[in-house]
Structures are given as C-alpha cells and as structure tokens.
Amino acid sequence: MTGGSLGLRTGSYGSLQPQSQNSVVPVQTSPISVRKPSKMLNSGSREKERLIHWMFKFFGRKKVGMLLLCVVSAAVFGWVLYIGKGEDASEGDRMRNIRVNSVNGSILVISIPDQSEAATNSNSIINPSLPLSSEKTENLPQVATNSNSIINPPFSISLEKNGSMPPPPPAPVFLGYTLPPDHPCEKFTLPSPPADKKRTGPRPCPVCYLSMEEAIAHMPKDPSPSPVLRNLTYVYEEHINQTESFGGSVFGGYPSLKQRNESYDIKETMTVHCGFVGGTKPGRNTGFDIDESDLHEMEQCREVVVATAIFGNYDVIQQPKNISEAAKKNACFFMFLDGETEAYVKNTTVPDSTNRIGLWRIVSVRNLPYTDARRNGKVPKLLLHRLFPNARYSIWIDGKLELVVDPYLILERFLWRKNSTFAISRHYRRFDVFVEAEANKVAGKYDNASIDMQIEFYKSEGLTSYSEAKLPITSDVPEGCVIIREHIPITNLFTCLWFNEVDRFTARDQLSFSTVRDKIISKVDWSLNMFLDCERRNFVVQAYHRELLEQMAPPLALTGHPPPSLVSDLPPPGKSSTVVQPENIIRQPENIIRPPTKRRGRDRRSSSRRHRKVAAGSKETTSTQSFV
C-alpha cells in the first residue's frame, strides 16, 4: 500500500480525512530494530501443527469444527462479560468519593465525580450544578485536584430520617407587585364627597383602573400561596343521617358541632363538609342538579368565571356592559336559573344555539336543595370553586346587579394589585354584627327568633361588638352582593365554612361572615380585602327586583342620554390608566322610572319655583356624586 491511499486522523475528533497526492506521510524517525526468529518459536509452531493434525485424525473434521466453534463462542461471551464489568468499575470510579454526613438530623449524600472527568485544565473552577435540596451548601466538602482546580459536588440529595426521598420542591407562587411610583393609579387619591347634606345614602366613587392591556399583562402566571392548607377535599356520604337537631340539611350533610369545630383547626391536609355531600361530583344527583352538557361546559372554564343566579323569578336579567373582546373570548359568563325563572325567561327571550342570552350561558338547575329561593342562591354564590373546579378566579354578582366594568380590570384592581386572594366590599353604613342583626329584624329579612338564636350562639363563642381594637380589620359586616376571589385552598375553605354557617343558621350571610373570618385568621396568616362600598358601586349598578318593577307606573318617554362611557384622564407619556367617574355609570334601568311617592303636608302644594328646579334637573344631577 502507498501513502496516497491512506487517510490522516485529525487531532480533534479522530475523523478520517482524505490525503492529497502531494502530501507527505510522516515517517517515524526512531530506528527500527529487526530480529531474527528464534529457534524456540519455530519448535513451538511445529508442536502446534502436530497437535492439530492429531486432533483431525482422531476426532474427524466435523467434530473438530464444532469444538472450535464452541471455544470461540465461550471466548466471545467471556469477553462481553469482562467489558461490562469494566464499564461498571469505571462508573464506580467516577462516583467513588462518597461522604455521608448527618446534617440537622437528616442524611446528606454527596456524590463527587472522578477528578479526571471533573476538570479539563489546571486552572479551572467547576461548579456544574446547583444542589437539589433546599439546604444550604456553604459547608459542603470541596475536592481539590492535583491541578489546583476546585470542584464542588455536582449535586446533593437530602434524605429523610427514614431514608425516603424528600418531597419535590414547592411550586412557584405569585407574591404580588407594585406599580411604578409615577404611575397615575399609584398617585390616585379618593376625592372628598360633595357636601350635600340633603342627599344621604350610598353613592359610587371614582376608581382608577389600569388599561386593558396592562391589566391582562399583570395577570399572575402562578397561583397565590395558601398559608398552611395545601390539600382540601370534601365530605362525600352515600347515606346521610342527622345526628343532632341543630340546623343543617341533607345537601350540607348535617355536620355535627364537633365536626364544625374541627374544621377550623387548619392543617396541611383537610376534609370538610362543603355542600353536594350526597354525590361524587357537584351537580350530579347531589341536589342542585345540572345537565351533563352544562357540567362539561363549566369544566372548560380555566381562567376567569363571572357568575350570577336568579331563583324564584325574583329579578330581571341584566346584561354586562363595557366588556372587552379578551374577556368575551377567555372569561366565562354563567347564569343559574330555576325552573320557574327559566320558563319566564324563555317566554320573553329565546336563547341561541349555545343556550346563551347575550353573554350569559344559561344553566337550568333542578332538584333544588332548599325551599327558600334566597338560600338556594347561596350555593353558587359561595361554592363556585366546586361548580367550576378548573377556574382560577371568579366574580360573583347578585342577579339584580348589572356589571359595567370589564372583569380583568376588576381583578387587577381589587386582587392582584392588592396582593389579595379574596375581596368583598364592606357595608356602606353598618360595621357591627349586632347592629346588622337588629336591622335585619326591623326590615323583616328573616324571622326574629332564628336571628336571635344565631347571634346568641356566636356570643357564646366570644363574638363582641366591633371596635378599633380589631384594626386593621375595618368592618364585621360585608355588602355580600359581590365576591371577588382566587380559587386556592384557603379561600375555598373559607367559603365552604361560610356556606356551612348559612346552611346551619339563617340565610343572612352578613351575620356569619365575621365569625368564620375571625376563626380562620386566628389560626393562619391570611387576610382579605374589604374595600369601600362606593368602589363596588363603581363597577356594578343595582336595579330593582321584578316585584317592584311590576308595581311601577308605565314607563314615560325619557329624554335621550348618551350611553355610559369610561372617562380617561390624560396620563403622562408611556403610562395609561382609566378613571371611571360615577356620573358615567349611575343611571336607572332603561324605560324604568321610580315608583310614585305619597305627598305629605306642605309637599302637597306645588310650587312653580320647585317645579322649575325639578324640570331643570339641577338637584338630581349634582347630587349623584356624593358617596360614603
């Protein structure tokens, strides 16, 4: 063979490179000594030839061939075993330096690679990977090689005392954010209400929302942390028996007082009563039953759900307004109706092919658990996390309310910006449970004996009147017609236990709210956002109940007014925000006037001066901006 027919191996990857004809093959310059074959070698070769000839003569050629084949096979098998053992030995050499130390009562296993593979030059400092355990690694041993390189262990595994693997690292959580100091909403302050002593009562106030793009950009990618409680499951019983004659229902499972008290002992894993006790899946033979097609549609809600309900044909459907295309595409809008309300609605409005009326997806509920329509309404109000198991956030609004602000703006303003997981407005006037109870009795909201029994029970548990000692808690009485929440274990537990109180006592959820809240926050570091009622009235408009509407006079011809719009202040360049002014959203429902009031005393005589003032609308328009 000539040098032109060979190839050269490069020094980097060992690949064979073709050699040109004019290239010169390197020749080894060291002298080569040539030895004559020895006589011992020749004699050994002759003895082997005689042995082979004798074997062919004695055994025959075929038998000798089979014997040789077996010998070759055995040799190959032994070679394979030897190579495999050598690889195991080399792998063991890589991990040969192992130290086991006791760190804080746990076993710390440190694996150190072979020095020859750890460093490639004499001055390198290698730290190839971070420790897998959450323990500090400052005191982990370092291995110094002969080439002055320092090699940190590539990984460490912290084992439990029983030798089992530790749990996986915690999932990332949302820890809130703050707006830049120069952002318009960061500088926004609530203006003082106009001084109008003649107009008292609740009024809306301005709220600074981010732009739609900013609000969606600030939506958390990870859930908020749930203090202490990590896993929450719910009681399921095939045969439900009432063991105590102290309130409750089949739908709620009749939890005993002992079970009630244990449910406030917050642990990492808990199982509590939370409605739907008689079935494995809410809405399926549990009471408050829902069609399978609707259940499937509800399971598809994976981001934001806006929900409401009308039972007993109490209210008129209110369509949301000022909803962005992003919310129409990604958020779910569900309205729950009983049979009576559904029949009335379908006589006046025909749902489309997807069973929607406007933005609302209509869900018909059968086998209602209670005879009281108001108590039935507490099921979707407080247990949305059970009806929408995959949703991250929910906004509940009572059936009499009209939503006039996009849900993403509401979530950003009252949850994400406040780093809160539960938001509800406080009552505009009352902040003491005892005062609220008396107001409910005066208004005939519930029978007085049941209200008194509930308050006396809470007093026996330590309920006291509200005082400044409860600060930073600003109120014990919510305006519960709107609930904004994130679906995490601690908020799910709160609404479950709140529902259990409504199931056991009266349906007036304002009376039980503070008891459940205070019991939970006494065990875990958790708080909720009780914002001003005037802020709530900024994004929802309250209409009349159907019964009151039917008592009103026929609608009069109203002068035309422009549709509600969002008024934007001019922010600095690069910043955007939306300040919704109350005068742009407060209005009466279309084609509806206030019911006539009876005239008394001096008001019976009409005055031309008074008539001119009412006609000009000066008092009606200037007084709408006062708020509490």
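Helices (H or I, at least four residues) and strands (E, at least two) are taken as DSSP runs and are numbered from the N terminus. Counted in this way, the chain has 21 helices and 23 strands. The model is a predicted one.

**The chain as a whole**

- The chain has 628 residues, and 40% of them count as buried.
- Its accessible surface amounts to about 37000 Å², and carbon and sulfur atoms hold 54% of that area.
- Among the contacts with a separation of 6 or more, 79% are between residues 24 or more positions apart.

**Salt bridges**

- In total, the structure contains 27 salt bridges.
- One of the salt bridges joins the side chains of D294 and R361, with an N to O distance of 2.7 Å.
- Because D294 belongs to helix α7 (residues 292-299) and R361 to strand β16 (residues 360-366), this pair ties together parts that are 67 residues apart in sequence.
- D294 has a relative accessibility of 4% and therefore counts as buried.
- R361 likewise counts as buried, its relative accessibility being 8%.
- A further salt bridge links R374 with D372, and the closest N and O atoms of this pair lie 3.6 Å apart.
- R374 has a relative accessibility of 37%, so this residue counts as partly exposed.
- The side chains of R417 and E412 also meet in a salt bridge, at 2.8 Å from N to O.
- Both members of that pair, R417 and E412, are buried.

- T178 is found in the loop between β8 (155-159) and α4 (184-187).
- Is T178 buried or exposed? With a relative accessible area of 71%, T178 is exposed, because the term applies to values over 50%.
- T178 and K418 are 240 residues apart along the chain, while their C-alpha atoms are separated by 8.6 Å.

**The second largest pocket**

- The volume of the second largest pocket is about 400 Å³.
- This pocket is lined by 17 residues, of which P170, A171, V173, S226 and R230 are the closest to its centre.
- Sorted by class, the lining of the second largest pocket consists of 14 nonpolar, two polar and one charged residues.

**The largest cavity**

- How many cavities of 30 Å³ or more does a search of the whole structure find? The search finds one.
- The largest cavity holds about 30 Å³ of space.
- Its lining is made up of Q242, T243, E244, F246, G247, Y254, P255 and R504.
- By class, the lining of the largest cavity comprises three nonpolar, three polar and two charged residues.

Methods
Residues are numbered from 1 along each chain as its sequence is written. This is a predicted model: local features need pLDDT of at least 70, side-chain atom pairs count only at pLDDT 80 or more; totals for chains, interfaces and linings use all residues. Side-chain values use heavy atoms; hydrogens and water are left out. On a 1 Å grid over the protein atoms alone, a cavity is a set of points where a 1.4 Å probe fits but cannot get out, and a pocket is an open set with protein on both sides within 12 Å along at least five of seven lines; lining residues have an atom within 4 Å of a point. Grid points are joined across faces, edges and corners, and a volume is the space filled by probe spheres set on the points. Ala, Val, Leu, Ile, Met, Phe, Trp, Tyr, Cys and Pro count as nonpolar, Asp, Glu, Lys and Arg as charged, and the others, Gly among them, as polar. A salt bridge is a side-chain nitrogen of Lys or Arg within 4 Å of a carboxyl oxygen of Asp or Glu. Buried means under 20% relative accessible area, exposed over 50%, partly exposed in between (1.4 Å probe, protein chains only). Contact means heavy atoms within 4.5 Å. Accessible areas come from the Shrake-Rupley method with a 1.4 Å probe; for residues, only the protein chains shown count as cover.
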